[in-house]
Amino acid sequence: MPDVKSRRDLYSEATRAALLSEATTLFASRGYAGTSLTDVATATQVTRGAVYHHFASKQALLEAVLDQQESWAMEEVVRAATSDSPVEAALQGVDAFLDRCCDPVYARLCWIEAPGALGLQRWREYEEKYSYGLIENLVTDLRGAGHLTESGQETAVQFVFWMMGGAAAALADTAEGEKVRVRDEWRALLVRSLLGGSSA
């Protein structure tokens, strides 16, 4: 028999979800440094004590926001990469990732605010946690299809990881009116890097 959640549990979950939603909006619009826990509490219409009940600190709240953003991004990549062809699946995944990087909320939170707020080492751990495994699979499949064979597996994975990160950082720092052009330029570079000059 499935567990039935109490009204208190449901309220707690709803409060946490609301805090995450408001924190996402505030961190993305004002920046991490420009947002206090009092701001988040006020926007959510709860007390600071309620915020601390769910999150030990402002950084813990940011990390929960990043967890949510990165999980959604990687889910989109996985959903997009459906082709049985390793090459086509890789291109589908790249397109989905670049599209996600054009989202202003994801871009600012994960690629502008996070490095400064968490420190480079902790931020890198976050990016590796969510994307490294997917990139390993992508590289393995492409190498099986005859691409990215000029180096060892780990070197190829690190190369693709940093190339994708470079694209994300560039798009995060690009004005809205220029994003499509910059996205397409990075896509062309990524395709050439992944497929050794093949066009797609």
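**Buried residues, ring pairs and domains**

Of the 200 residues in the protein, 41% are buried, meaning that each has under 20% relative accessible area, where exposed stands for over 50% and partly exposed for values in between (1.4 Å probe, protein chains only). This is a predicted model, in which local features need pLDDT of at least 70 and side-chain atom pairs count only at pLDDT 80 or more, while totals for chains, interfaces and linings use all residues. Residues are numbered from 1 along each chain as its sequence is written, and side-chain values use heavy atoms, with hydrogens and water left out.

Q: What makes up the secondary structure of the protein?
A: The protein has nine helices and zero strands, and from the N terminus on its elements run α-α-α-α-α-α-α-α-α. Helices (H or I, at least four residues) and strands (E, at least two) are DSSP runs, numbered from the N terminus.

Q: Why do Trp-111 and Trp-123 count as an edge-to-face pair?
A: A search of the whole structure finds five aromatic pairs, and one of them joins Trp-111 and Trp-123, with 5.4 Å from centre to centre and 85 degrees between the planes. Rings of Phe, Tyr and Trp (its six-membered ring) pair if their centres lie within 6.5 Å, and planes under 30 degrees apart count as stacked, over 60 as edge-to-face and the rest as tilted, so this pair is edge-to-face. The pair links distant parts of the chain, with Trp-111 in helix H6 (residues 104–118) and Trp-123 in helix H7 (residues 120–144), twelve residues apart. Both Trp-111 and Trp-123 are buried.

Q: How do you know which kind of pair Tyr-132 and Phe-161 form?
A: Their ring centres are 5.3 Å apart and their planes stand at 65 degrees, so the pair is edge-to-face. This pair also links distant parts of the chain, since Tyr-132 is in helix H7 and Phe-161 is in helix H8 (residues 153–172), 29 residues apart. Ring pairs join Tyr-132, Phe-161 and Trp-162 into a cluster.

Q: Do Tyr-132 and Phe-161 count as buried or exposed, and what decides this?
A: Tyr-132 has 15% relative accessibility and therefore counts as buried. Phe-161 has a relative accessible area of 7%, so Phe-161 is buried as well.

Q: Why is Glu-13 placed in the class that it has?
A: At 40% relative accessibility, Glu-13 counts as partly exposed. Glu-13 has its place in helix H1 (residues 7–30), and its C-alpha atom is separated by 9.5 Å from that of His-54, 41 residues apart along the chain.

Q: What makes Lys-58 a charge that sits over the ring of Tyr-32?
A: Lys-58 lies over the face of Tyr-32, at 4.3 Å from the ring centre. The rule asks that NZ of Lys or CZ of Arg be within 6 Å of the ring centre and within 35 degrees of the ring normal. Lys-129 lies over the face of Tyr-126 in this way too, at 5.5 Å from the ring centre.

Q: How is the protein divided, and what lies between domain 1 and domain 2?
A: The protein is divided into domain 1 (1–55) and domain 2 (59–195), with bounds that come from an automatic or database domain assignment. Their contact (heavy atoms within 4.5 Å) takes 15 residues from domain 1 and 13 residues from domain 2. Domain 1 and domain 2 bury about 1100 Å² between them, 74% of it on carbon and sulfur atoms, where buried area is the accessible area (1.4 Å probe) that two parts lose on being put together, summed over both.
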